[in-house]
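Here are my notes on the charged pairs. Please read them beside the model.

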Amino acid sequence: MKKIEVLIYSRSGCHLCDVAEAKLNELRAILDFKVEKQLIDGDLALEREYGEKVPVILINGAPHDYWRVNPERFTKAILEIKASQ
């Protein structure tokens with residue numbers, strides 16, 4: 001089974017991004033997925049696409065959520081992916 005990859009698009013000094021990252025790290029301990037953070041600062045394409053929507057959470061490259069992590073919705077998405085693998 002391939003490990004699920006979660007990416008957080010973030011900005012420097014973004015409080016909501018810090019909260020989202022902490023929540024994902026809590027869930028990672030339970031659901032076993034890989035999490036990475038990428039700052040969009042200075043990346044014109046990402047700033048144009050996601051600007052004020054950060055944090056943006058992607059699961060296996062697909063946008064999942066903006067601004068906050070809903071633990072129930074996130075868990076459901078991860079479990080559905082695991083069930084289909």
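**Notes on the salt bridges**

1. Lys3 and Asp32 join their side chains in a salt bridge, at 2.9 Å from N to O. Lys3 lies in the segment before strand E1 (5-10), and Asp32 in the loop between helix H1 (15-31) and strand E2 (34-39), so the pair ties together parts 29 residues apart in sequence. Helices (H or I, at least four residues) and strands (E, at least two) are DSSP runs, numbered from the N terminus. A salt bridge here is a side-chain nitrogen of Lys or Arg within 4 Å of a carboxyl oxygen of Asp or Glu.

2. This is a predicted model: local features need pLDDT of at least 70, side-chain atom pairs count only at pLDDT 80 or more, and totals for chains, interfaces and linings use all residues. Residues are numbered from 1 along each chain as its sequence is written, and side-chain values use heavy atoms, leaving out hydrogens and water.

3. Lys3 is partly exposed at 42% relative accessible area. Asp32 is partly exposed too, at 45%. The cut-offs are under 20% for buried, over 50% for exposed, and in between for partly exposed (1.4 Å probe, protein chains only).

4. Glu21 and Lys37 form a salt bridge at 3.3 Å, N to O. Glu21 sits in helix H1 and Lys37 in strand E2, so this pair links parts 16 residues apart in sequence. Glu21 is partly exposed at 24%. Lys37 is partly exposed at 41%.

5. Asp65 and Arg73 meet at 3.0 Å, N to O, in a salt bridge. Asp65 is buried, at 15%, whereas Arg73 is partly exposed, at 41%. Elsewhere, salt bridges with shared partners join Arg11, Asp41 and Glu47 into one network.

6. The structure holds 8 salt bridges.
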